[in-house]
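Welcome! Here is a friendly briefing to read alongside the sequence and the 3D view.

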Amino acid sequence: MKSSRRRFLLGAGSLLAYPLLGDAPRASPAMSMPEGRMAPQLAEPSKPLVNPATLARFVDALPIPPVARADTHRTHPAYPGRQLPCYRMDMRAFATRLHRDLPPTTLWGYQGSFPGPTLEAMRGEPFLVEWANALPSRHLLPVDHTIHGAEKHQPEVRTITHVHGARVPADSDGWPEDAYPPGRSLLCHYPNAQDAATLWYHDHAMGITRLNIYAGLLGAYLLRDPEERSLGLPAGALELPLILCDRLIARDGQLYYPVSDDPAAPWVSEAYGNATLCNGKLYPYVEVEPRRYRLRLINAANARHFELSLSSRRPFLQIGSDQGLLSAPLERMRVELYPAERADVLVDFAGLDGQSVELRQPGEPILQFRVRNGGRRDAGAPPIPSTLRKVPRIDLANAVRERILTVGEMDDANGNAMMMTLGGHHWSDPITEDPMQDSTEIWSLVNLTGDAHPIHLHLVRFQIIERRPFDLFAWNERKELKYTGPGQPPPPHEAGWKDTVRADPDMVTRIIMRFEGEPGKYVWHCHLLEHEDNEMMRPFKLLPRA
Ligand code: C2O
Ligand code: CU
């Protein structure tokens, strides 16, 4: 049965990778299951895949996505009497080489680019974007019509864009069910009324987000403000957005998205690639001066998390997380990013003239920095301030409500249906999270699964209170939330403003936020895109303040 198959696929979720794909397609050895259990069936790739380890390293220059330019000025009813800059973003199919020695790959990208052009915003300066779907009518990747929202009667290709981390009114937030087919477009408005942060935009269409993003529909959105500017951080050519994601690539150059062995229900629980792309290239290099650089690291992968380090054994100086600057810079040898998380880091190449430094994850280089010999130096550059901004802790006593929300895989009453759910509900169940505008709430995410899930709330920024171990048995038997140890406060790099939080297994991850923004319907979800597409997403409704 489909439902139980899904269950087993999910249970082995983290095993559904192709850790070491050789030259020929073969079943992953990790797929064999203990006797007596139904084995998950990840289909063998239908065509031979590229083994990235066989490709030459650092032969392609790192692409820097172009900065988007506003084409026109337009009015919008939300900003009476004003002319706002308006950007047009066409989503198109195009082909490009992911590596010098691979045939061109067909991708989908905003303005025919992957990643799409970087949108640059300044706090207090709203703008409009017309997101136009100019894609073909057939999907590039295998759609699972048994997934809610992707049924056969729906147009196969639908898109809607969400700016991740932006406080945007509901009508421009990218409601998944408002996704529209090729030939249509949607005008959205972005108030940019929030602190500077590394945001990103990506597709959010109901039931096919994982495929649309995998196909390339994503880009950076850098929101700036005068406070941040006054810090004198590296800018211009010294600031690089680095958008990371993993893919499987067939030897004919085309993207390969993993599927189950049931062609009628191809969904798999997590899609991992074996090739890590940085700004859309495999093993690129970039020439740098022996100076300090600012890197905007964005994890845009479907399911992969990255543990980044530098081969120079020098630390990153982390200055920001999802929602902007930390209170103080932090030296970090490794930066871990779960899907959709961001890190804003400084890296100093001073004294490394003529050398190269790799940005790495365990077992694999991602990007090579080539430090110019006798290049320009940071003579007289301002030191990095020891405090960046105030991040006042939200007082727990301000919370008007604590919601206990499970992150789970659950059976139905008959004990056989598979649900990947939040709060035990399906997407289409009535709304249960309905915070009041400007109120403060605590959400306690009770992870009942064996995996970490990056949980993201639209509209708001939040703070992590703690992760606290609990008694899973007591929950499963009696729905009793019994803590088994003290709460662990977030480490300093997670103590700033966040919009995506890793909910660890065996833990209750508690976050607190004030629901600022316009009333309306928004979503919260797991950012493992395969989970998000298969019910691990829920609406929430922001009620107007009384
Ligand atoms: Cu990054 Cu709801 O998304
Ligand atoms: Cu998940």
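In this predicted model, R247 lies over the face of Y214, at 4.5 Å from the ring centre. A charge is said to sit over a ring if NZ of Lys or CZ of Arg is within 6 Å of the ring centre and within 35 degrees of the ring normal.

A word on conventions before the details. Residues are numbered from 1 along each chain as its sequence is written, and chains are lettered from A and ligands numbered from 1 in the order in which they are written. Because the model is predicted, local features need pLDDT of at least 70 and side-chain atom pairs count only at pLDDT 80 or more, while totals for chains, interfaces and linings use all residues; side-chain values use heavy atoms, with hydrogens and water left out.

- H453 belongs to strand β27 (residues 453-457) and H531 to helix α5 (residues 529-533), so the pair ties together parts that are 78 residues apart in sequence.
- Helices (H or I, at least four residues) and strands (E, at least two) are DSSP runs, numbered from the N terminus.
- H453 and H531 are both buried. Buried means under 20% relative accessible area, exposed over 50%, and partly exposed in between (1.4 Å probe, protein chains only).

**Strand β31 and its partners**

- Strand β31 (residues 520-526) has six of its seven residues buried, so it is largely enclosed by the rest of the structure.
- β27 and β31 run antiparallel and are joined by three bridges; here H456 stands opposite H525. Two strands pair if DSSP finds at least two bridges between them.
- β31 also runs antiparallel to strand β32 (residues 537-542), with six bridges between them, and Y522 faces F540 across this pairing.

**Aromatic rings**

- Y522 and F540 also belong to one aromatic cluster, together with W443, F515 and W524.
- The structure holds 16 aromatic pairs. Rings of Phe, Tyr and Trp (its six-membered ring) pair if their centres lie within 6.5 Å; planes under 30 degrees apart count as stacked, over 60 as edge-to-face and the rest as tilted.

**Strand β7**

- From strand β7 (residues 161-164), T161 and V163 point one way and H162 and H164 the other way, and all are buried.
- Four bridges link β7 with strand β9 (residues 197-203), and the two run antiparallel. In this pairing T161 stands opposite D203.

**Two buried loop residues**

- H139 is in the loop between β6 (127-133) and β7, and it is buried at a relative accessible area of 10%.
- The side chains of H139 and N212 make a polar contact at 2.7 Å. A polar contact is a pair of N or O atoms within 3.5 Å; within protein, one must be able to donate a hydrogen and the other to accept it, and residues adjacent in sequence count only if both atoms are side-chain atoms.
- K498 sits in the loop between α4 (472-478) and β29 (500-503), and its relative accessible area of 3% makes it buried.
- The side chain of K498 reaches the backbone oxygen of T500 at 3.2 Å. Not counting residues up to four places away in sequence, K498 touches several residues, including D322, E341 and R461; contact means heavy atoms within 4.5 Å.

**Backbone exceptions**

- Most residues other than glycine have a negative phi, and most peptide bonds are trans.
- F114 and P115 are joined by a cis peptide bond, with omega about 0°; P115 lies in the loop between β4 (105-110) and β5 (116-122).
- Y283 is not a glycine, yet has a positive phi of about 50°, and this residue is buried at 2% relative accessibility.
- D438, also not a glycine, has a positive phi of about 70°. D438 is partly exposed, at a relative accessible area of 23%.
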